[in-house]
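Thanks for sending this one over. Here are my notes, in the order I would go through them with the model open.

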Amino acid sequence: MYEHYLIVYDILNPVRLRRLAKIAQDYGLRMQKSVFEAEMTPSELQSMKIRIKKIIHPAEDGIKIFRLCQSCEAKRTGVGKGVPELPDAAWHIF
């Protein structure tokens, strides 16, 4: 079952920052520079965490992953930039 996640991070080293951004892009869509949204299964989440742990330095870097429940998603709001540019295949309107 897929669940919706918010991934946010602050990485000190530019090389690690680019590596982490690449990992996040493999699983989700960039909402802001260091913020991604992703729909993942529990096994995909675990796989992403394993990859992240291999590159970050916990004393210098921070990453947070929040599961967004359906009621939380329904309450979110925003203004201005931050709307992702999704590939056409990601949008299906019936």
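Among contacts between residues at least 6 apart in sequence, what percentage join residues at least 24 apart?

1. The figure is 74% for this protein. Please keep in mind that we are looking at a predicted model.

2. On the overall layout, the protein has three helices and four strands. Read from the N terminus, the elements follow the order β-α-β-β-α-β-α.

3. One aromatic pair is present in the structure. Its partners are tyrosine 9 and phenylalanine 36, which are stacked, with 6.2 Å from centre to centre and 20° between the planes. Tyrosine 9 belongs to strand E1 (residues 3–10) and phenylalanine 36 to strand E3 (residues 35–40), so the pair ties together parts that lie 27 residues apart in sequence.

4. The cut-off for buried is under 20%.

5. Strand E3 also has E2 (residues 28–32) as a partner: the two run antiparallel and are joined by four bridges. Take glycine 28 as an example, whose bridge partner in E3 is alanine 38.

6. Finally, some totals for your own comparison. Of the 94 residues in the protein, 30% are buried.

Technical notes: Residues numbered from 1 in each chain as written. Predicted model: local features only at pLDDT ≥ 70, side-chain atom pairs only at ≥ 80, totals over all residues. Heavy atoms only, no water. Phe/Tyr/Trp six-rings, centres within 6.5 Å; stacked < 30°, edge-to-face > 60°. Pairing = 2+ DSSP bridges. Buried < 20%, exposed > 50% of the residue type's maximum accessible area, 1.4 Å probe, protein only. Contact = heavy atoms within 4.5 Å.
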